[in-house]
There are 2 protein chains.
Amino acid sequence: MNLPKQVIIKEVGPRDGLQNEKEEIKTEDKIEWINQLSETGLSYIEMTSFVHPKWIPQLKDALEVSKSVNRKEGITYAALCPNMKGLERALEADVDEVSIFMSASESHNKKNINKSIDETYPVLKEVVDGAKQAGKSVRGYVSTVFGCPYDGHVDKQQVIDVCKNLFDMGIDELSLGDTIGVANPKQVSQFLDLIEGEFSKDQIALHFHDTRGMALANTLVSIEKGYYIFDGSLGGLGGCPYAKGASGNVATDDLVHMLHEMGIDTGLNMDRLLDAGMYIQDKINKPLPSKQMNICSREE
Amino acid sequence: MNLPKQVIIKEVGPRDGLQNEKEEIKTEDKIEWINQLSETGLSYIEMTSFVHPKWIPQLKDALEVSKSVNRKEGITYAALCPNMKGLERALEADVDEVSIFMSASESHNKKNINKSIDETYPVLKEVVDGAKQAGKSVRGYVSTVFGCPYDGHVDKQQVIDVCKNLFDMGIDELSLGDTIGVANPKQVSQFLDLIEGEFSKDQIALHFHDTRGMALANTLVSIEKGYYIFDGSLGGLGGCPYAKGASGNVATDDLVHMLHEMGIDTGLNMDRLLDAGMYIQDKINKPLPSKQMNICSREE
């Protein structure tokens, strides 16, 4: 097996996880949770999204959360910004990194952003330019890389074109998202073979959802091909197994457990990670779907 | 990727799944469920266990279940037999195949069978001989191949010795069990490299539990190494995510979904499989933990 010595985990739970939680979580609890995450060894935390509260009421406190978190040296605190309005607020909060997003499939992009793919580029370009002028690094998310809930199959060349266009704008890192958790290991393997040499592996993250249970298998395929940056949501937050429509990110804790068991360093402290998981599980008041949280909850 | 055209799935849910369900399921419901499983394209169903009802009250109806199932041409209907008493009853029910079991670790064997490993061999030898004399094929299960809940690490040479001793007794197939779901992909890869050439891949099944979410990743590693027989429990029956101590088999439906998506044939009909899953989910009266059943239940 071709395994790396180290893998970098980027925690997106406070944004990608929480945005799927229907019940409102108190601002102070989000801040405390992110502060706990800061003590786990993470080097990257996406704190929130500066999307209009009309779309995601759960994250209407983006500014307060971003401003109030105890920023720890060595950690990149990021926030999602869909447009210039969002960027202004993110800069007001002085986030370390700005993230932007779009879809590789027309229908998902249209439903999610209300624009065609071509209409989206200038909006994002403005955000990237603004972020760069403010001295911020930028992360791009491409959704529906491995399948779209509306279009089904997504053309691989279209995915590559979107990625190239985002890098041409000047983004620093790109996260390839299996937004609806349909990717299978063979598909991931073939796609990564296709883009081999196109982009630097230092600038590509993989963002798997575990809707169909294949996220860890897909991670395995990716690390064997030399990728070493992965997104996760602690406890699988955002994807309750028994809630309609929820399809959560791969659980950071399950990902970390597998990597550690394989002798791969993540820099993360599992006990602290699970403590932070227990904290947010208590706040959402229902069991988190990850296997590690399960084992942990049983032992309490 | 080195992928097979076809994989054989052996359904152990009616035995390994049900034996972990605390609430009693009606005999007629078990029979109906197995009859439904017979219509899914499965070639192998382990129907029950002829273990003493004192140990597993849920399977006290082993004889009635085995006798009453509508046996379908082309399907091997098996039952677990811990000893001669169990074999007698299995033969009375005229099962197609007899399965025997032991652990690769002393402590688990002692706790489970109340004998040392060395004391277990003669008991099993008697069962194998008896089954063979009756013209039955025999499957052996080795538990705790990748880790023991009591001993922790299990010596690989000890595992190999147990496997060899069982094959020497005349068993036809051996199922290597990650009983507590601790195996990681690197460990599976290394173990399979170690036994490369020792046994025929036509006679080795892999039996993963999904306690820590690594079962599909472990399956992927195994098929890439040429193994093509896997055990599963429909819906992940036997492993409720929120029940203390339960650590279910990998869900047949999640396994089949991944394989099909990768273009690997299993001979199984997914719709019928999920229908059978919905049937038993209704009988156990709680959500089955598999991802496919989840998606299926949400759509109902």
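Ring pairs join F146(A), F191(A) and F208(A) into a cluster, which is a friendly place to start a tour of this predicted model. In this prediction, local features need pLDDT of at least 70 and side-chain atom pairs count only at pLDDT 80 or more, while totals for chains, interfaces and linings use all residues. Residues are numbered from 1 along each chain as its sequence is written, chains are lettered from A in the order in which they are written, and side-chain values use heavy atoms, with hydrogens and water left out.

**Aromatic rings**

- Over all chains, a search of the whole structure finds six aromatic pairs; rings of Phe, Tyr and Trp (its six-membered ring) pair if their centres lie within 6.5 Å.
- F146(A) and F191(A) have ring centres 5.5 Å apart and planes at 75°, so this pair is edge-to-face (planes over 60 degrees apart count as edge-to-face, under 30 as stacked and the rest as tilted).
- F146(A) sits in the loop between β5 (137–143) and α7 of chain A, and F191(A) in helix α8 (residues 185–194) of chain A, so the pair ties together parts 45 residues apart in sequence.
- Helices here are DSSP runs of H or I with at least four residues, and strands are runs of E with at least two, numbered from the N terminus.
- Both F146(A) and F191(A) are buried; buried means under 20% relative accessible area, exposed over 50%, and partly exposed in between (1.4 Å probe, protein chains only).

**Helices α6 and α7 of chain A**

- Two packed helices are described by the angle between their axes and the distance between the axes.
- Helix α6 (residues 117–133) of chain A and helix α7 (residues 156–169) of chain A have axes that come within 10 Å and cross at roughly 25°; axes are lines fitted to C-alpha atoms, for helices over the stretch in contact, and angles run from 0 to 180 degrees between N-to-C directions.
- That angle makes α6(A) roughly parallel to α7(A) (under 35 degrees is roughly parallel, over 145 roughly antiparallel, 65 to 115 roughly perpendicular and the rest oblique).
- α6(A) passes α7(A) in a right-handed crossing: a crossing is right-handed if the near helix is turned clockwise from the far one by less than a right angle, and left-handed if anticlockwise.
- From α6(A), I117(A), Y121(A), L124(A), K125(A), V128(A) and D129(A) meet Q158(A), D161(A), V162(A), N165(A), L166(A) and M169(A) of α7(A), where contact means heavy atoms within 4.5 Å.
- By class, the contact of α6(A) with α7(A) has seven nonpolar, two polar and three charged residues (Ala, Val, Leu, Ile, Met, Phe, Trp, Tyr, Cys and Pro count as nonpolar, Asp, Glu, Lys and Arg as charged, and the others, Gly among them, as polar).

**Helices α8 and α9**

- In chain A, α8(A) and α9(A) pack at an angle of about 30° with their axes 9 Å apart, and are therefore roughly parallel to each other.
- The crossing of α8(A) and α9(A) is right-handed.
- P185(A), V188(A), S189(A) and L192(A) of α8(A) make the contact with A217(A), N218(A), V221(A) and S222(A) of α9(A).
- The residues of this α8(A) and α9(A) contact divide into five nonpolar, three polar and no charged.
- Nine of the ten residues of helix α9 (residues 215–224) of chain A are buried, so this helix is largely enclosed by the rest of the structure.
- Just after α9(A), G226(A) takes a positive phi of about 95°.
- In chain B, the axes of helix α8 (residues 185–194) and helix α9 (residues 215–224) come within 9 Å and cross at roughly 30°, in a right-handed crossing.

**Positive phi in chain B**

- Most residues other than glycine have a negative phi.
- T144(B) has a positive phi near 50°, lies in the loop between β5 (137–143) and α7 (156–169) of chain B, and counts as buried at 0% relative accessibility.
- N285(B) has a positive phi near 60° and is placed in the loop between α11 (270–284) and α12 (291–299) of chain B; N285(B) is exposed, with a relative accessible area of 66%.

**V7 of chain B**

- V7(B) is found in the segment before β1 (8–11) of chain B and is buried, with a relative accessible area of 0%.
- The C-alpha atoms of V7(B) and L259(B) are separated by 8.0 Å, although these residues are 252 apart along the chain.
- Not counting residues up to four places away in sequence, V7(B) touches I223(B), Y228(B), F230(B), L259(B), I264(B), D265(B) and T266(B).
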